[in-house]
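Here are some notes on the helices of this model, for you to read beside the coordinates.

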Amino acid sequence: LDSLKEQLARDQESALQILQHAESSSEVAIVILNYNGRAHLEQFLPSVIRSVQPGQNIVVADNGSDDDSVQWLSEKYPQIEILLLHHNTGFAGGYNNAIPQIDAKYIALLNSDVEVTTGWLNPLIRALKYDQTLGACQPKIKSYTRKDHFEYAGAGGGLVDSFGYPFCHGRIMSTVEQDLGQYDKMSEVFWVSGAAMCMRKEAFVAFGGFDADYFAHMEEIDLCWRLKRAGYKVKVVPQSTVYHLGGGTLSYKSPRKTYLNFRNNLSTLIKNEKGSRLLWLLPLRILLDWVASVHFLLAKEGANFLAVWRAHAYLIFRLPKLMAKRRSIKSQIKSLQVGVDNSSTGRYAGSIVYEFFLLGKKTYHDLNNIQSHIEG
């Protein structure tokens, strides 16, 4: 009898350990990076909680907040896992520090100012399961304040033009389209938005995550470009929809945002563009940036004018480091290659700057010979 009791106790302990492991791990982790964002968590987290299904877990990674958001979160939603990162290392560094600590096969990066819809994760995870060469994907991202329109940061999937300028299905420059179902087909794109992107955890870690030097903005374009160079696909899955407030960290007109966008865009080109193309493209892009700075000056936006020149000064002093990264990335991609270079897919052969400002082409479908211009 005593032997039977001991066996029963061991079985109960084993069952408890299995249960605890099942509760602590999940197939999918929704990872929300927070920095002094209690207001956004209060407003948007309930929709995420309502959307969670079995096998899905929410993790809030706190980037060294000094407000009361962590205390509020632990009291209001004790079931949500909190990762304390202690120091603000930006969007890029924050996710790089958090994701390796998370026990999940798939990760869904989600901005704290995003409202999700019921079952939004399912089409994204299905797409990743169906195609092992799918590196990253995003839902359709619409505006929280104008829910019949796309949102600036990601919209219906990201593209780049021949000069390396990013734009989207549903957004060119500052013009955002109404969603009429015109981009409802799942398709390959060049990049997906960090506001709501999904990928395998092992791929994120293997590729080194985001470039932490970016701090914020365009780090997802850089990561997607590396994935595509290694032969992975990047897709938009419009069967999933979320609503993004936008400008939650920095206003779209912020000089800080201008600085990061100009700096990080050129950094991405230097690290990833083919050498023969970079030789002529980089000087031309610098010239075009100077034209943009003059535009800021004429518009009496002196802080944005200075932000462009600060971005170029950064690049001058950091050029040796960027070239070292370029060489390192080339070696990394070679070791992680799953197929032929896929970086031509989702790239527009024309110039959106020329067509938008000089020809008045304001939407994706207005672009000249759009089907023949999108390579791949």
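1. Helix α2 (residues 38-51) has 14 residues and spans 20 Å from its first C-alpha to its last, close to the 20 Å expected at 1.5 Å a residue, where the expectation is 1.5 Å times one less than the number of residues. Helices here are DSSP runs of H or I of at least four residues, and strands are runs of E of at least two, numbered from the N terminus.

2. This is a predicted model, in which local features need pLDDT of at least 70 and side-chain atom pairs count only at pLDDT 80 or more, while totals for chains, interfaces and linings use all residues. Residues are numbered from 1 along each chain, and side-chain values use heavy atoms, without hydrogens and water.

3. At F44, α2 bends by about 45 degrees, and the proline P46 follows within four residues; the bend is the angle between axes fitted to the seven residues ending at a residue and the seven starting there.

4. The axes of α8 (residues 255-272) and α9 (residues 275-298), lines fitted to C-alpha atoms over the stretch in contact, with angles from 0 to 180 degrees between N-to-C directions, lie 10 Å apart at an angle of about 170 degrees. The two helices are therefore roughly antiparallel (over 145 degrees). Residues meeting across this pair include F262 and L266 in α8 and L281 and L282 in α9.

Key. Parallel < 35°, antiparallel > 145°, perpendicular 65-115°, else oblique. Contact = heavy atoms within 4.5 Å.
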